Amino acid sequence: MTDLRADGAAALEWAAAYLERVGELPVLAQVAPGEIRARLPDSAPEEGEPFAAVLRDLDEVLLAGVTHWQHPRYFAYFATSASEPAILAELLAATLNSVSILWRTAPAATELEGVVLDWTAQLLGLPRGWHGHIEDSASTSTLAAVIAAREATGRDQVVCSEQAHSSVHKAARMLGLRLRQVPCDDELRMRADALGDLSQAAAVVATVGTTASTAVDPVEQIAAACRRAGAWLHVDAAYAGSAMVCPEFRWAFAGVEHADSVVVNAHKWMLTPMDCSLLWSRRPEDLRAAFSLIPEYLRTPDAEDALSLSEYGPALGRRFRALKLWAVLRCHGRAGLQAQIRQAVRLAATFQAWVDGEPGWELCAQRTFSVVCFRLEGSDERNRELLEAVNRSGEIFISHAVLHGRYVLRLAVGNWRTSEADLARAWETLRRISSRL
Ligand SMILES: Cc1ncc(COP(=O)(O)O)c(C=O)c1O
């Protein structure tokens, strides 16, 4: 049997020691596919083992197969951080094990979710009075928005730019809707003048901070076109939305007040561990019309019904995710959230300047937030080889994109432990390994 106090202390000690030494581990897991599975038994044990055995195997078996997202030299995709208050809140949420299927099964979880979504909306400059709730991922948030749009409009087309995240395409495909991709301008923003006929559009998805280059679509103009055509405007700000806590980035949210729904992933750039995707809508009744389906066994008095967040999205049972976001908002405050955004952007600007000043390297896209797209002069193949080699080194982990038909390297700053020394090491690693290609 597990002794919660003794084993819990050991687990917390493990977590604290891990976060202290994570920077010394190889960022990208240095294992081959199947290697971890091969080290694990085929079946569960017959009799229960002590929790210490789990911790031991975490170290001895699993850790080699962990790609360290908490590593200060993690620069791939969108770098993230799970901060300490949120880590502890996850433990407490699991301890309570609240299951919000209805308001009455988890009143505190339900009402706190409303409160933290209101607080975050204020921090990011979203209009007051919008309904907000938490989904697991931006993929689910966008799917939910598109479902509501389909129900509200009775139409069967989804429109987004050619730089929109694949989750938009996937939502359309899962729903049997037609997808139309609008071309982008030279800076990879959706061309509002190329939106075309929106009379069949259920939803238009605009992106604030595209996945490849963090470009910002012209939301204001797209919103005007949606209004004229009666199409639902969903804004995907999964990554960049968190930056709106800083007034100097608010220009990127111009026009968002006209959106029908907006998604921001707190688990991307708001110090909150996976998973915590924030979905706001100014049309909660349309979400409710699309998702409310209450079988007899879940019926409660009407006043309670409307508060059950399971009526606003796909899932019935919902985790107490609001607790970790609450811990983040309370323990970091607006100032702490702003500081980590500004630090990431400052570091990305520093890296950009290094690339810019170095012969043989080029910048490949406008840097808007904390992502730098760059490449080594020469072929796509050379850059692909460089990416594989630096990632294999374990020193850093970066990812790639294809922009204007060319393969480019992407360095995303977002871990709040990343220092200028980490960035210098990344740049040194890239230059050293490139010279050997
Ligand atoms: C702009 C954008 N939207 C949506 C997503 C999907 O996010 P999730 O993994 O939460 O589904 C991503 C992922 O990086 C993204 O960059």
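**Salt bridges, a buried asparagine and the ligand**

Let's start at D193, which is exposed, with a relative accessible area of 63%. Keep in mind throughout that this is a predicted model. The side chain of D193 meets that of R191 in a salt bridge, at 3.0 Å from N to O. R191 counts as partly exposed, at 33% relative accessibility.

Now for another pair. R321 and D275 also form a salt bridge through their side chains, 3.0 Å from N to O. This one links distant parts of the chain: R321 is in the loop between α11 and α12, D275 is in the loop between α9 and β7, and they're 46 residues apart. So are these two buried or exposed? R321 is buried, with a relative accessible area of 10%, and D275 is buried as well, at 16%. And there's a network here: salt bridges with shared partners join E90, D275, R319, R321 and K324.

Across the whole structure, the search finds 29 salt bridges. One more I want to show you is E84 with R417, again 3.0 Å from N to O. E84 is partly exposed at 35% relative accessible area, and R417 counts as partly exposed at 22%.

Staying in that loop, between β11 and α14, we find N415. N415 is buried, because its relative accessible area is 3% and the cut-off is under 20%. What do the polar atoms of its side chain find? One lies 2.8 Å from the backbone nitrogen of R417, and one lies 3.4 Å from the backbone oxygen of W69. Leaving aside neighbours within four places in sequence, N415 is in contact with W69, Q70, H71, P72, A79, T80 and S81.

Last stop, the ligand. It's surrounded by 13 residues, and the closest are A138, S139, T211, D236 and N265. By class, that shell has three nonpolar, eight polar and two charged residues. Helices α6 and α9 each supply at least two of the shell residues. On the polar side, T211 has a side-chain atom 2.8 Å from a ligand oxygen, N265 has one at 2.8 Å from a ligand oxygen, and for K268 the distance is 3.3 Å. Taken alone the ligand exposes 400 Å², and the protein buries 84% of that.

Conventions. Residues numbered from 1 in each chain as written. Predicted model: local features only at pLDDT ≥ 70, side-chain atom pairs only at ≥ 80, totals over all residues. Heavy atoms only, no water. Near = heavy atom within 4 Å. Polar contact = N/O pair within 3.5 Å; in protein donor to acceptor, adjacent residues only side chain to side chain. Areas by Shrake-Rupley, 256 points an atom, 1.4 Å probe, with all protein chains shown as cover. Helix = DSSP H or I, 4+ residues; strand = E, 2+ residues; numbered from the N terminus. Nonpolar A, V, L, I, M, F, W, Y, C, P; charged D, E, K, R; others polar. Buried < 20%, exposed > 50% of the residue type's maximum accessible area, 1.4 Å probe, protein only. Contact = heavy atoms within 4.5 Å. Salt bridge = Lys/Arg side-chain N within 4 Å of Asp/Glu carboxyl O.
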